[in-house]
Amino acid sequence: MTRSPIDPVKLDKLAEVAIRVGLQLAEGQDLVLTGPSTALPLIRKIAEHAYKVGAGVVTPIISDEEVILARYRHANAASFDKAANWLYEGMASAFSRNAARLAIAGDNPMMLAGQDPAKVARANKANSMAYKPALEKITGFDVNWNIVAYPSPAWAKQVFPDDAEDVAIEKLADAIFAASRVDVADPISAWKDHNANLKKRWSWLNEHAFASLAYTGPGTDVTIGLADGHQWKGGASQSKNGITCNPNIPTEEVFTTPHALRVEGHVSSTKPLSHNGTLIDGIRVKFEGGKIVEAKATKGEDVLNKVMDTDEGGRRIGEVALVPHSSPISQSGILFYNTLFDENAASHIALGQCYADCFINGKSLTPEQIQAQGGNKSLIHIDWMIGSDKIDIDGIKADGSRVPVMRKGEWATA
C-alpha cells in the first residue's frame, strides 16, 4: 500500500479542531460544509466528528476544478453574468435556521490564471451578488462559522514548485498542521492558550479606544481612522446564536473595523496577494477621504483595479488587522498563495465589506447604523498585507496623544 503524504492522525486532529474549536458545533445543529473535491478526505473526517458531537444533518457542497474550467472553455458569453442564486438563497435560509457554516480552503490558487480576466471579473461579480444573502449572515456573525485548509496537489505544487508532487503535498500538509496547532499532543488546550493570548492583545487595544492608527515604514505613511464605537476582536468570538467559535484556523490576528471615510495617505503591500488565479504584487495605493484614488501594482494591476470597481465600497476598507512579524506563519517563510494563511503572516487591511461584530453592541445594530458609524459596505472582502519588520504603528487617541502599538512589526508592550 502506498503511504499517504498526509499524516492521517494529524488530519483527524484537524477535523476535530474544526468541529470542537472552530465551530463548537452544538448538539442538534445542522452544518453546511463546502470544499473542493480534492479535499474529500478532510470532508469525510469533518462529517465524522460533527456527528460524534451530535450534529443534526451535515450537508456537503463540493466544487471541482475541471467543472469550473469547463465553463470558461465552453460556456456562452451570457453564462458569466449568472450565478447559482438558488444555492446561496438556500444557504442563507439554512443560516436563518441556525445551521453552522464550515468552508475548506484548498482550491488551486492559479486555477483561473489562464482565463479571460473580463470573464473572471464578470463571474465573480455575479457570484458575489448571489452570495450576498448568505454572506451577510456570516459577516453579521448570525451563526458560528469556520474556515480550515486541506493540501490539494495543485496548491502544494504552487507553494513548492521544485518538489515532486507527493513531497510538495507532505510539506504543505505539515505547514498547515503546524499553523493550525494540530501537530501537538493536545490541540484543544493549545487553542485555549492561544485564544487567551489574543484576548490579552485585543483587550489592551479596547482599553485605549484609539481614534485612529498611524503606520510608517518603507512606502507607507497612512493614518487609518477607526469606526465610531468599534471594538477589537481576535481568536474566539461569540456569534449571535450564542455559540463561541474560532472563524479562522489558523489565526494570529486581532482586528477591528476602520472608518470608511477616514483613511488618508499612502500604503504599500509587503507580500503578494493571490486572487482568483492572479498574483497581485507590489501594490501601492493612495487614500483620500477613505477612498483609494490611485492604485498601482508591479503585477496584476488591471485585476486589482477591476476588483476594486466591483461597487462603491470596493475602494474603501472594511477591516484592519494587527499581526506580529514573529507570528509562526511569518517565520515559516512560506508564501501560501492563500489569504487564510498569508494574512496571518503580517498586519493587513481588507478591501470591502466590514464585520458587524466589530462594534460595541454590534449584534443589535442595523446595517444603516453600522454604516453611519463608519462601517463599509461592499460585495467584496479581500485582505492584503501591509505589515513587516520595518513598519511602526502608533495608536492616536481622540485628544491627539499617541501610544506605541507596534515597533518594527512587533508589539510595543509585553
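Student: Is strand β1 largely enclosed by the rest of the structure or exposed, and why?
Tutor: This is a predicted model. In it, β1 covers residues 31–36, and six of the six are buried, so the strand is largely enclosed by the rest of the structure.

Student: Which residues cover each side of β1?
Tutor: On one side L31, L33 and G35 are buried, and on the other V32, T34 and P36 are buried, so that both faces are covered.

Student: Which strands pair with β1, and in what sense?
Tutor: β1 runs parallel to β2 (residues 58–63), to which six bridges join it. With β3 (residues 100–105), β1 pairs in the parallel sense over four bridges.

Student: What lies in the unit with β1 and β2, and of which hand is it?
Tutor: Helix α2 (residues 40–52) forms a β-α-β unit with the two strands, and the unit is right-handed.

Student: Turning to the helices, how are α4 and α5 oriented to each other?
Tutor: The axes of α4 (residues 85–96) and α5 (residues 117–139) cross at roughly 5 degrees and come within 8 Å. An angle under 35 degrees counts as roughly parallel, and α4 and α5 are therefore roughly parallel to each other.

Student: Which residues make the contact?
Tutor: From α4 they are N85, Y88, M91, A92, F95 and S96. From α5 they are N127, A130, Y131, P133, A134, K137 and I138.

Student: And how many are there by class?
Tutor: The contact of α4 with α5 has nine nonpolar, three polar and one charged residues.

Methods:
Residues numbered from 1 in each chain as written. Predicted model: local features only at pLDDT ≥ 70, side-chain atom pairs only at ≥ 80, totals over all residues. Heavy atoms only, no water. Buried < 20%, exposed > 50% of the residue type's maximum accessible area, 1.4 Å probe, protein only. Pairing = 2+ DSSP bridges. Right-handed = clockwise from strand over helix to strand, strands pointing away. Axes fitted to C-alpha atoms, helices over the stretch in contact; angles between N-to-C directions. Parallel < 35°, antiparallel > 145°, perpendicular 65-115°, else oblique. Contact = heavy atoms within 4.5 Å. Nonpolar A, V, L, I, M, F, W, Y, C, P; charged D, E, K, R; others polar.
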